[in-house]
Amino acid sequence: MTLPTTTKHLAIDHPGTDISIVIPVYNGADSIALVVQRVRETFANCRCQIVLVNDGSQDHSESVCRALVEQHANQIVFVQLARNFGEHNAVICGLNHAAGDFVAIMDDDAQNPPEEIPRMLQHLKDNNLDVVFGRYLERKHVWYRQLGSYFNDRVAVLMLRKPRDLYLSSFKVMSRFVVDEIIKYRGPFPYIDGLICQSTSRLGQLDVKHDQRLVGESGYTLRKLIRLWLNMFLGFSILPLRLSIFLGFLFSLVSVFALLAIIVDKLWINPNVTVGIPTLFVCVAMFSGVQLIVLGTIGEYVGRVFLYTGGRPIFVERYAIRQCDRSDESF
């Protein structure tokens, strides 16, 4: 059963919280304790809530997170998901538990320095922004993730009407207003940056450090990057359907001109040229490919509608441990 998206009961659990730090955890057993320690040191003089969401990790992240809750019972919320749903799903789960006036999202691999969050938060306040993204001065990701991020960023300009100079990163600070808008989302394929761009135009960025990954490997495989890109490409616009129409029209027009060229060539230029089976095969293959692209795009939309109406959950909580409830609570 999915968690209700209201946050009123959470605000009572954490009255007067200045900032919440949401950290999705996936196979982060060797790094999450260090991340939490740095967050607590950074916000030692601030009312800070830390929300850890274990997204079906295959290592012992669950036991490590539970131990952290026991050590800092008045500050940490821990949510165990029933299976791996994906980073963006886990983030939305964490946002449902975040009670701060402002919310920061960071990774569990110690590459996002929590020491940068106060600067990002101050930049947000000084410029009356709703979201501030961390723009990495030097990215430490593997090459295929950097390439995928670049491609995703270019497409986001077209699909989400994102400002060209704005870098969408997973390291960000948001206002309460945007968080409340994001958690209204009910679809099974969330894309946080797409929801942000739909909610507000008050976006900014700040140059931040990007540390080297200390342990393990990135959980983002090429397959997951493609899936994330599809969530952005198909989840927030009908532009792909319109592009399919233009693509079909373009190839139809090309085929007409090609046919006219073949007729002219055969009748007046090279009458002895044989127009036969190879030419036919090439034409059939080309236009069949176009048809499959268009049908695949439509099918993807239909499939997503089916999953949405079928009630596919964004996430499923196995249990949550909060500061006001020292026992496991199922939802």
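## Helix α4, covered along its length

The buried residues of α4 are Glu87, His88, Asn89, Ala90, Val91, Ile92, Cys93, Gly94, Leu95, Asn96 and His97. Buried here means under 20% relative accessible area, with exposed being over 50% and partly exposed in between, using a 1.4 Å probe and protein chains only. Helices (H or I, at least four residues) and strands (E, at least two) are DSSP runs, numbered from the N terminus.

A word on the basis of all this: the model is predicted, local features need pLDDT of at least 70, side-chain atom pairs count only at pLDDT 80 or more, and totals for chains, interfaces and linings use all residues. Residues are numbered from 1 along each chain as its sequence is written, and side-chain values use heavy atoms, with hydrogens and water left out.

## The protein as a whole

The protein has 11 helices and 9 strands, and 47% of its 331 residues count as buried. It exposes about 17,000 Å², of which carbon and sulfur atoms supply 60%; accessible areas come from the Shrake-Rupley method with a 1.4 Å probe, and for residues only the protein chains shown count as cover.

Contact means heavy atoms within 4.5 Å. Among contacts in the protein with a separation of 6 or more, 83% join residues 24 or more positions apart.

Strand β3 (residues 76-81) has 6 of its 6 residues buried. In a regular strand the side chains alternate between the two faces of the sheet. In β3 both faces are covered, with Ile76, Phe78 and Gln80 buried on one side and Val77, Val79 and Leu81 on the other.

Two strands pair if DSSP finds at least two bridges between them. Strand β2 (residues 48-54) pairs with β3 in the parallel sense over 5 bridges, and Val53 has Val79 of β3 as its bridge partner. Strand β8 (residues 317-322) pairs with β3 in the antiparallel sense over 4 bridges. There, Gln80 stands opposite Tyr319, while Leu81 is partnered by Glu317. β8 is mostly covered too, with 5 of its 6 residues buried.

β2, helix α3 (residues 61-71) and β3 form a right-handed β-α-β unit. Right-handed means that, with the strands pointing away from the viewer, the path from the first strand over the helix to the second runs clockwise.

Val64 lies in α3 and counts as buried because its relative accessibility is 17%. Leaving out residues up to four places away in sequence, Val64 touches Ala29 and Ile32.

## Two nonpolar cores

A nonpolar core is a set of buried Ala, Val, Leu, Ile, Met, Phe, Trp, Tyr and Cys residues joined through side-chain atoms within 4.5 Å. The largest has 40 residues, and those with the most contacts inside it are Leu81, Ile92, Leu95, Met174, Ile182 and Ile196. Elements giving two or more residues to this core include β2, β3, α4, α6 (143-159) and α8 (192-199). The largest share, 5 residues, comes from α4.

Beyond its neighbours within four places in sequence, Met174 is in contact with residues including Leu95, Phe102, Val131, Ile182 and Ile196. A second, separate core of 37 residues includes Val64, Cys65, Leu129 and Phe171.
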